[in-house]
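I opened my notebook to look through this structure piece by piece. What follows below the picture is what I looked up.

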Amino acid sequence: MRRAGSAGPLHEPPWGAATSGSVGAQFLMIYRENGQFKTSYSSDQQVFAIAQDRWGILLLLVFAVVGVPLLADEYMFRAILIPFLILSLAALGLNILVGYCGQVSLGTGAFMAVGAYAAYNFMVRIDGMPLLAAILLGGLCATVVGVLFGIPSLRIKGLYLAVATLAAQFFVDWAFLRISWFTNNSTSGSVSVWGLEVLGFSIATPQAKYLFCLAILVVFAILAKNLVRSHIGREWMAIRDMDVAAAVVGIRPVYAKLTAFAVSSFIVGVAGALWGFVHLGSWEPAAFSIDRSFQLLFMIIIGGLGSIMGSFFGAAFIVILPIFLNQALPALGGLVGIDISTAMVAHTELMIFGGLIVFFLIVEPHGLAKLWSMGKEKMRLWPFPH
Amino acid sequence: MAQRKIGDVILEVKNISLRFGGVNALTDISLDVREHEVRAIIGPNGAGKSSMLNCINGVYIPQEGQITFKGKSFSHMNSRQVAEMGVARTFQNLALFKGMSVLDNIMSGRNLRMKTNIFQQAFRNPWWSAAEREEGEHREVVEKIIDFLEIQAYRKTPVGRLPYGLQKRVDLGRALAMEPSVLLLDEPMAGMNVEEKQDMSRFVLDVNDEFGTTIVLIEHDMGVVMDISDRIVVLDYGKKIGDGTPAEVRANPEVIAAYLGTSD
Amino acid sequence: MGFFLETLIGGLMAGMLYSLIALGFVLIFKASGVFNFAQGAMVLFAALAMARFSEWIPQALGFDNKVLGNVLAFAAALLLMVVVAWIIERFVLRKLVNQEAITLLMVTLGIAYFLDGFGQTLFGSDIYKIDIGLPKEPMFLFESVFPGGMLVSKEDLYAAAIAAALVISLSLFFQYTSTGRALRAVADDHQAAQSIGISLSRIWVIVWSVAGFVALVAGMIWGSKLGVQFSLSLVALKALPVVILGGLTSVPGAIIGGLIIGVGEKLSEVYIGPMLGGGIEIWFGYVLVLFVLLVRPQGLFGEKIIDRV
Amino acid sequence: MQTTFPRLMLDHAKQRPQAAALREKVYGIWQTTSWRELALQVQHLAAGLAEAGLQRGEHVVVVGDNRPRLYAAMLAAQSLGAVPVPLYQDAAATEYEFPINNAEVRFAIVEDQEQVDKMLELRERCPLLSRIWFDQERGLRNYDEPGLTSLDALTQSGKNFISQHAGWFEQQVAQGRPDEVAAMFFTSGTTGNPKGVVHTHFSLLDRAAAGKKFDKLTADEEVLAYLPLAWIGQNIFSYAQWLTCGYVVNCPENGSTVTIDLKEIGPTYYFAPPRVFEDLLTAVMIRMEDAGSLKRGLFKHFMAVAKEVGPKLLDGQVVGWLDKLRYRLGDLLIYGPLRNTLGFSRVRVAYTAGEAIGPDLFTFYRSIGINLKQLYGSTETAVFVCLQPDHEVRADTVGVPIDGVELKVSDSGEIMVRSPGLLQGYYKNPEATAEVLTADGWYHTGDAGFLDGSGHLKIIDRAKDVGKLFGGANDGAMFAPKYVENKLKFFPYIKEAVAFGNRRDKVCAFINIDFEAVGNWAERQNLSYAGYTDLAAKKEVLSLVRDCVQQVNGDLAHDPMLAGSQVHRFIVLHKELDADDGELTRTRKVRRGTIGDKYQVLVDAMYAGKHEQFIETAVKFEDGRSGSVSATLPVADAETFAAVATLKKAA
């Protein structure tokens with residue numbers, strides 16, 4: 001009895017943890033699954049198999065679309081919400097490569113840069129190029145570059161690959177700095193865009209930008225989720241978990257890895273384009289430096305490797321923490337009578353990030369997402385412990 | 001009561017030799033496997049049994065010799081090609097995909113047969129979608145295997161959380177999902193208790209006569225081997241020292257020497 | 001001709017420093033299977049410590065002897081690096097035994113961030129000087145051999161010499177001392193090493209301390225050249241391709257790799273750079289490595305990787 | 001209710017062809033059979049059976065778990081006027097021998113290889129048994145036995161026949177009359193051969209309808225069928241009432257997934273014998289043991305609240321707003337989630353019957369808001385005799401007589417019943433029939449009991465078991481073993497109890513500890529033990545049991561009629577009483593006689609006043625091997641209490 005009890009409702013494997021998260025639900029014991037039986041495979045395999053989860057996520061979306069624009073102020077949009085959305089997207093992309101396919105990349109920033117600059121070039125060189133098209137084309141270029149730098153992964157494993165991806169980072173940084181064609185020969189080396197509009201709607205206001213990013217993020221999140229729960233996703237995870245066994249069941253490492261690189265860098269590229277166009281407006285290569293790459297890696301480690309939802313958690317965490325520290329630390333210092341310089345804050349930030357990375361890798365390698373899904377499991381079994 | 005008819009040779013290994021650096025893992029081994037039979041490879045630890053399987057399904061590439069499968073000969077192939085030809089295998093020390101559920105592990109055995117492209121999968125949806133349909137079709141096949149292996153209660157459990165014995169079943173399930181004509185089992189009963197061993201041998205035999213799958217099996221437990229296999233090859237230090245029916249092998253002095261000599 | 005030689009020598013000298021840092025990577029990787037991304041951070045940390053101690057100690061003890069000050073500062077910094085090594089072993093590595101290499105790599109990223117932050121909180125984040133009396137003025141060699149001879153920075157030459165000396169002594173140390181043997185035993189097979197009574201944690205503390213020592217020296221040299229500042233921690237990024245090129249586990253690999261990259265960088269910068277708009281030494285090492293890896297996935301001197309099933 | 005099973009099916013197929021009739025979890029999802037599909041299946045099977053030569057009034061054995069196809073097979077047999085005879089699927093082959101020969105069975109329809117093997121094993125001892133059909137092909141591919149084929153094949157041949165003979169099936173069904181025999185159930189009599197209880201379409205369907213009316217059942221009910229079809233309880237609930245109400249019957253995936261399936265389906269109408277609820281509760285308690293202190297605290301607290309308020313609410317009494325609030329809170333935090341994890345969130349009506357249920361057990365389920373009720377009936381009465389109306393539920397009664405039931409208590413204190421649901425008689429056993437059916441249509445239930453003031457029936461014991469004490473302190477006092485045994489069994493630590501005392505001077509008893517419960521208790525006492533026998537022999541356990549016994553004695557002392565039945569001495573048995581050893585019936589009723597003979601030495605030891613006794617007993621193991629266990633068992637004394645009023649004068 002106990003055995004069946006414990007075996008029954010565990011839905012998500014630890015890596016894929018929390019992808020069917022019950023938003024908010026888990027803090028009440030609102031799970032009532034009796035009668036939610038599945039009479040077809042597609043209903044059994046849907047992303048949010050539990051009715052309460054479907055409602056939860058629906059509410060969240062409604063709030064994000066209707067509630068947030070009413071509540072948030074300009075600062076919220078510029079400093080938190082928009083960066084959060086775009087970095088979530090980038091983290092999502094990176095998570096597919098690292099979390100799902102197990103190929104570590106330290107060159108994410110480069111692929112973002114490619115996305116941004118490519119989109120920029122399409123915009124300025126082709127008249128009447130629609131913004132959306134430019135962004136997607138940007139992503140496409142990132143895909144090409146991504147696959148190019150992914151090719152070594154077919155022969156190189158683990159650490160060697162990680163370092164090889166740095167090649168992408170440095171090369172691309174250099175290219176956009178030194179090859180003026182990419183920057184449309186702008187003298188300052190920085191490029192800028194303005195007057196953005198999508199399907200006739202101008203996206204100048206923070207609200208518009210926010211909604212635009214939100215829309216793109218939601219769409220990509222759905223597509224990504226679909227991929228990771230389909231057989232391509234299983235191939236990625238198989239390669240990640242046990243590549244020899246994967247080969248024996250007929251999975252082609254070449255195909256699996258390159259598709260992972262392609263999909264990943266496409267999403268990252270799009271995120272890059274958004275970062276440049278929507279968030280920054282005008283930027284230079286430094287915006288996509290190696291620090292960005294690390295930042296994104298940290299997001300998925302803290303958020304949860306191999307979890308779509310984890311990407312969001314991680315992004316939220318890393319976007320909000322510095323802002324929080326900037327507010328909190330000086331205040332705290334004030335309390336104990338030391339005044340804390342901004343440099344000090346910056347250093348503490350570094351330390352806290354570093355500490356958290358170590359902490360998570362030691363204590364909960366699957367990050368916040370795992371904690372979330374564990375909480376959810378508890379609620380589904382409540383009041384039983386297992 | 002099972003009346004299986006043994007067919008002709010389906011898999012033949014000729015004069016295989018395999019070396020790692022200086023070490024000879026296998027020296028000039030030849031053996032044949034007949035359709036529908038249960039063929040056992042036994043021998044003391046380090047006799048090269050696993051290396052043999054690894055050569056057959058393309059994980060290792062032997063320096064000499066050739067392998068003939070369903071009439072096609074090849075000196076070496078990559079795992080993918082072997083899989084496509086209908087050879088599946090299980091692993092000695094579990095090689096399951098740790099991060100995935102039982103269901104996904106077994107589903108991964110279907111990847112060769114899943115045809116929808118990455119875009120169809122990305123735009124998968126419950127209403128109109130080839131990917132969704134395909135997923136469903138293969139899910140059904142996989143469910144039949146789950147049913148066959150009697151692990152319905154664990155379908156959505158992450159394999160990591162299962163007890164060892166059940167993980168072995170999932171490993172078998174993943175191989176079965178490939179609907180192989182030849183199934184290589186690398187110590188399917190290693191580290192199991194008596195009861196689990198009984199179950200596993202039952203499954204192996206059922207596979208053999210339900211689906212007529214040819215089975216090549218490495219096993220330490222002589223009792224089990226003698227029970228379930230039709231013919232047995234004995235390896236020792238990478239050399240073949242015996243080949244024949246259980247009775248013949250049991251009688252073979254060289255085998256007795258090697259076995260009783262080395263194993264407890 | 002002279003110009004070519006100049007660049008060559010310059011490259012070799014830079015390369016020597018790369019080798020030095022690369023050595024830090026290799027030692028740690030051999031002993032604990034950790035690809036220590038924090039090496040750069042350790043360089044910065046050590047350099048900062050050195051720089052500040054060499055100010056503070058004389059002030060505190062109230063004497064004004066440059067050499068003594070530097071010596072004491074060096075000793076203090078070294079001590080600090082040992083403590084850091086111990087802490088890392090005790091609170092991080094020990095908890096991550098038998099984890100995948102990738103996890104360990106990411107952990108060292110965390111450590112790197114922490115050290116960067118911690119170091120600057122402790123020692124401040126301005127630009128500090130280290131003056132260990134390296135001669136600044138350049139010198140000319142082989143004027144007899146060809147006109148104009150060739151210009152060589154004395155500073156670099158000394159630096160290279162120190163680095164070389166260190167590299168050699170370290171290789172000797174690990175070749176011939178008992179600790180060295182123990183280390184190599186561990187590198188070959190953890191279990192076996194433990195079973196013959198070698199304490200893993202002790203070895204780890206040692207190698208991390210040695211790495212700290214190397215970092216300190218590198219930091220000192222670079223620091224005295226460019227001044228101690230955050231950018232020092234990026235120096236390590238230059239050494240990465242060296243390690244990979246040499247093959248993670250090979251000491252000679254690290255040395256030769258360092259020289260190759262050092263030279264390659266300089267030459268490419270001088271001869272190819274202009275065609276591409278310059279600054280290519282940022283990526284030259286990496287791209288070079290990329291191509292090498294495609295041919296030899298385990299690097300020039302690395303051991304071949306075999307999958308066991 | 002002038003209709004037949006097949007006609008009801010056809011009605012549903014006509015009125016709501018697309019509605020779900022059956023659902024079975026196969027290959028991971030709940031595969032649905034609509035009424036139309038069912039009708040077709042039945043039609044084909046019927047045709048196949050007819051071709052195979054099945055005659056009207058002939059018996060067909062059906063053995064297996066709840067599988068839609070077996071349901072269809074029963075309907076098919078009934079459509080041809082034949083009589084399905086469901087047998088317990090977990091019985092040993094030899095137990096089938098009598099029924100099959102007794103009912104001259106030629107055809108058997110079974111689930112899988114396991115059952116097929118049993119049938120084949122029986123062949124030479126059951127010469128008539130000529131055809132065997134199986135539902136699941138697995139493992140049977142290479143069987144080559146005369147007359148052994150799959151239901152698929154049968155369906156196929158039936159299809160072909162139907163395609164040439166349109167309307168044949170309807171005409172067959174039309175021939176069937178309500179007063180024809182519809183099914184036969186073999187009661188595993190506590191002694192001797194089982195008896196075939198013969199029921200007509202009318203008797204079964206009339207009761208089914210009565211039950212439907214009583215609880216206002218609709219076509220929207222969901223039922224999970226996982227108990228043996230051979231048990232009339234399951235049969236009525238998932239077959240007769242299924243066809244009467246037209247609700248959906250769900251079949252679980254397999255034994256090991258029942259709890260999961262229960263949770264997924266969340267039945268609205270549920271029926272199970274007490275032991276199922278008992279096991280469930282034990283499991284709940286064990287799982288809660290592992291919970292954190294906070295959870296355990298919450299659980300304890302709110303269960304107390306529930307115990308106090310829950311029953312009142314269900315009985316429709318008025319409850320103070322504060323209690324209401326506390327209960328609400330408890331429902332949010334504990335009861336609701338608990339019902340959900342158990343699979344009872346949607347239960348509207350749940351019944352238990354077949355055995356007396358412990359008051360604590362009973363109130364537990366009621367207090368967490370599950371409308372659990374008791375009913376009274378037996379195979380011979382097609383189950384429904386007395387049911388507890390909502391809001392009138394008590395642990396110690398079994399409800400009021402429902403539509404069509406006449407009930408009286410004979411002078412000997414035995415309950416007599418007359419209702420349309422009574423059996424036609426025992427098959428080929430007029431004597432036995434005569435024993436239970438009077439000329440004027442009254443049925444001897446064999447139970448001793450009485451209607452209390454509020455018109456609710458209270459059962460004391462099996463009439464024949466009710467004995468008298470001879471000699472001793474309370475000479476001539478009434479001895480109701482079952483009553484005593486039940487009282488003992490209501491303790492979680494006691495799995496089974498067997499009381500002796502008829503024609504003796506005092507009452508003594510055998511006790512079987514509940515391995516799981518006592519085992520857990522022992523762990524909490526950190527008392528180590530090597531297995532059942534060892535645990536049972538622990539003196540700590542002995543005193544644990546003694547406390548239970550003495551509590552029972554205390555209760556009994558308050559009941560003048562039964563005060564004499566207090567347990568003076570008892571033995572904790574060294575092995576679990578087991579159906580395989582013939583000590584229990586398949587429905588887990590103790591065979592007092594059998595046990596008495598088997599353990600004669602122990603019984604004597606108790607009455608001879610010995611303090612320990614050596615015994616060796618033969619046992620059958622899971623895998624069919626048999627061996628023996630031996631032990632020296634202590635005989636324990638229990639304190640008894642002076643009766644409130646002795647019966648001496650009365651007698």
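These entries go from chain contacts to single strands.

**Entry 1: chains A and C.** I noted at the start that this is a predicted model. I looked up which chains share the most contacts. Of the five pairs of chains in contact, it is A and C. The contact takes 42 residues from chain C and 35 residues from chain A. On the chain C side, helix H4 (101-123), helix H9 (232-246) and helix H12 (281-295) each supply at least two residues. H4(C) gives the largest share of that side, 17 residues. I then sorted the side of chain C that touches chain A by class. I got 30 nonpolar, nine polar and three charged residues.

**Entry 2: chains A and D.** Next I turned to chain D. Here 29 residues of chain D are in contact with 24 residues of chain A. Five elements of chain D each supply at least two residues to this side: strand S2 (29-34), helix H10 (258-265), helix H11 (274-289), helix H12 (293-314) and helix H13 (321-342). Which of them gives the most? I found H13(D), with seven residues. By class, the side of chain D that touches chain A has 11 nonpolar, 12 polar and six charged residues. I also checked chain D against chain C. These two chains do not touch, and their nearest C-alpha atoms are 27 Å apart.

**Entry 3: domains of chain D.** I looked up how chain D is divided. Domain 1 covers 5-254 and domain 2 covers 467-637. Their C-alpha centres lie 40 Å apart. The contact between them takes six residues from domain 1 of chain D and six residues from domain 2 of chain D. On the domain 1 side I counted three nonpolar, three polar and no charged residues.

**Entry 4: a helix in chain D.** I picked helix H3 of chain D, residues 68-79. H3(D) has 12 residues and reaches 16 Å from its first C-alpha to its last, close to the 16 Å expected at 1.5 Å a residue. Is H3(D) mostly covered or mostly exposed? I found it mostly covered, with 12 of its 12 residues buried. The buried residues include Arg69(D), Gln78(D) and Ser79(D), along with Leu70(D) and Met74(D). Just after H3(D), Gly81(D) takes a positive phi of about 75 degrees.

**Entry 5: a sheet in chain B.** I traced an open sheet of four strands in chain B. Its order is S2-S1-S4-S5, with antiparallel pairing. Strand S2 (23-34) and strand S5 (72-74) stand at the edges, each with a single partner strand, so one side of each is left without a neighbour in the sheet. The twist averages 15 degrees from one strand to the next. Inside the sheet I followed S1 (9-20) and S4 (64-69), which pair over five bridges. In S4(B), Ile67(B) is the bridge partner of Val13(B).

**Entry 6: strand S18 of chain D.** I finished with S18(D), residues 414-418, where the side chains alternate. Ile415(D) and Val417(D) point to one face and are buried. Strand S17 (406-409) of chain D runs antiparallel to S18(D), with four bridges joining them. S17(D) and S18(D) form a hairpin with four residues between them, and Gly413(D) in the turn has a positive phi of about 85 degrees. Strand S20 (443-451) of chain D also runs antiparallel to S18(D), with three bridges. I checked Val417(D) against both strands. Leu407(D) stands opposite Val417(D), and in S20(D) the bridge partner of Val417(D) is Tyr443(D).

Technical notes
Residues are numbered from 1 along each chain as its sequence is written. Chains are lettered from A and ligands numbered from 1 in the order in which they are written. This is a predicted model: local features need pLDDT of at least 70, side-chain atom pairs count only at pLDDT 80 or more; totals for chains, interfaces and linings use all residues. Two residues are in contact if their C-beta atoms, placed from the backbone, lie within 7 Å. Ala, Val, Leu, Ile, Met, Phe, Trp, Tyr, Cys and Pro count as nonpolar, Asp, Glu, Lys and Arg as charged, and the others, Gly among them, as polar. Domain bounds come from an automatic or database domain assignment. The expected span of a helix is 1.5 Å times one less than its number of residues. A residue is buried if 20 or more other C-beta atoms lie within 10 Å of its own, exposed if 12 or fewer, and partly exposed in between; C-beta atoms are placed from the backbone. Two strands pair if DSSP finds at least two bridges between them. Axes are lines fitted to C-alpha atoms, for helices over the stretch in contact, and angles run from 0 to 180 degrees between N-to-C directions.
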